[in-house]
Amino acid sequence: MKVSVVGAGAVGASCAEYIAIKNFAAEVVILDIKEGFAEGKAMDLMQTASLNGFDTKITGSTSDYSKTANSDVCIITSGIPRKPGMTREELIGINAGIVKTVSANLIEHSPNTIIIVVSNPMDTMTYLVHKTTGLPKNKIIGMGGALDSARFKYRLAEALGAPISDVDGMVIGGHSDKGMVPLIGKAARNSVVVSEFLSEERMDQVVQDTKVGGATLTGLLGTSAWYAPGAAVSAMVQAIACDTKKIFPCSALLEGEFGLSDLSIGVPCVLGANGIEKIVEISLTDAEKAKLVESAAGVKATNGLLEL
Ligand SMILES: NC(=O)c1ccc[n+]([C@@H]2O[C@H](COP(=O)([O-])OP(=O)(O)OC[C@H]3O[C@@H](n4cnc5c(N)ncnc54)[C@H](O)[C@@H]3O)[C@@H](O)[C@H]2O)c1
Ligand SMILES: O=C(O)C[C@H](O)C(=O)O
C-alpha cells in the first residue's frame, strides 16, 4: 500500500510515523509547501527505521504531486491549526482554499485514491472535498470521531479507575467543542454500562471533558494536539490497508441516514479496503438523537460559509 500525507507539520509527521511503525504500508510520501520541510521530516523518520523496526519507505516532497501518484490512501493535514481561545470553525477562511487545492492535486495523480480529511473545521472540510471532487462518497472520510472516542475512553478510564483496555465508548456528531455527542449511555466497562459505576454528575463531567479535549490540549500546548490525531489516522488507514471492517466513527456524507442529509458528520462506519463500506445506523435514544440533530445544525451553519 502507498499512502501520501499532505502537510508535514505536527499532525502529518505523526500520521507518517505511526503508519510506518505499524509496518503495514510499503511506502509513505509526505508533501508540504514549505521548501525542504517534508524531505527533512521524511529523512528524520527514516533514521528511526532501524531503531523502531519498520521497513516502510518514507520520502518527502516539496509541492511535487507526481511523487504521490497512485496512492491508495491520501491524508490531508495541510492548513493552520488553532491557537488557544480559538474555535476550529475560525480556521475555515484559510483552510478551505488549501483543502480544495490539495484535494484536486492529489486526485489528479491518484484518481482512485481514498482521502482522509484531517484539516479543520474537519466536517466542513470533508463536505468541501465531497462537493468539489468527483470521488465516490465511500472514498472521502473525515477523521474526528476516532480521536474524540479515544479521548472519551481516556476520560472514562480516569473516572472509573480502570485500565483503558477495559473501557469502550464512542463519540458521534460534529468534531467541534459544542457538537460532539459522547454516547455516555452506551459506554461500558467490560460490557457493563458505566452508569453502574459512576454518578450522573461524574458522567456529565466525563462528557464535558471529552468535548473540550482538543481545546484543553491547545491551551496546554499553545497549538493543537498531534500524537493522538496521528494515532487515530493510522488506525483508520490500517483498517483500510488490512481490510479489517472495524467500526470507527467517521465524518461521512449522509443521505438520509439518522434522518440527516447533505452534510458530512461523525457516525459509526465500517472501514475496509473500499473506505467507508457501511454506515451503521445504531439506535439512538431520543436525547441522543436530539443532540445529533443539534450538532448537524452547527455543522450545516459552518458549511454555509463555504463558497461552493
Ligand atoms: N481532525 C482532527 O481531529 C484534527 C486533529 C489535529 C489537528 N487537526 C487539524 O490539522 C491541521 C494541521 O495541524 P498541525 O498541527 O499539523 O499544523 P502545522 O502547522 O504543524 O502543519 C500544517 C502544515 O501544512 C502545511 N501547508 C500549508 N498549506 C499547504 C499547502 N497548500 N500544501 C501543502 N502543505 C501546506 C504547512 O507548511 C505546515 O507544515 C489543522 O487544521 C488542525 O486544526 C485536525
Ligand atoms: O483541537 C483542535 O483544534 C485540533 C483537533 O481538532 C483536536 O481535536 O485535537
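Strand pairing first: I count two strands as paired if DSSP finds at least two bridges between them. Helices (H or I, at least four residues) and strands (E, at least two) are DSSP runs, numbered from the N terminus.

This is a predicted model, where local features need pLDDT of at least 70 and side-chain atom pairs count only at pLDDT 80 or more, while totals for chains, interfaces and linings use all residues. Residues are numbered from 1 along each chain as its sequence is written, and chains are lettered from A and ligands numbered from 1 in the order in which they are written.

**Entry 1, sheet.** I found an open sheet of three strands in the order β7-β10-β11, with antiparallel pairing. β7 (167-168) and β11 (192-193) are at the edges with a single partner strand each, so one side of each has no neighbour in the sheet. I checked β10 (residues 188-189): it pairs with β11 over two bridges, in the antiparallel sense. Ala 188 is opposite Val 193 in β11.

Which residues are closest to ligand 1? They are Gly 9, Val 11, Ser 78, Asn 120 and Pro 229, in a surrounding set of 35 residues. A residue is near a molecule if its C-beta atom, placed from the backbone, lies within 6 Å of it. α1 (10-22) and α4 (92-109) are the elements that give two or more residues to this shell. The largest share, four residues, is from α4. I sorted the shell around ligand 1 into 18 nonpolar, 14 polar and three charged residues. Here Ala, Val, Leu, Ile, Met, Phe, Trp, Tyr, Cys and Pro count as nonpolar, Asp, Glu, Lys and Arg as charged, and the others, Gly among them, as polar. Domain 1 (2-143) and domain 2 (145-304) both contribute residues to the shell around ligand 1, so it lies between them. The domain bounds come from an automatic or database domain assignment.

**Entry 3, ligand 2.** The residues around ligand 2 include Arg 82, Arg 88, Asn 120, His 175 and Pro 229. Helix α8 (residues 213-221) supplies the largest share of this shell, three residues. I get five nonpolar, five polar and two charged residues around ligand 2. Each of domain 1 (2-143) and domain 2 (145-304) gives at least three residues to the shell around ligand 2.

What does Met 143 touch? Leaving out residues up to four places away in sequence, I list Ile 116, Val 117, Val 118, Met 122, Ala 232, Val 233, Met 236 and Cys 250. Contact here means C-beta atoms, placed from the backbone, within 7 Å.

Note on methods. Contact = placed C-beta atoms within 7 Å.
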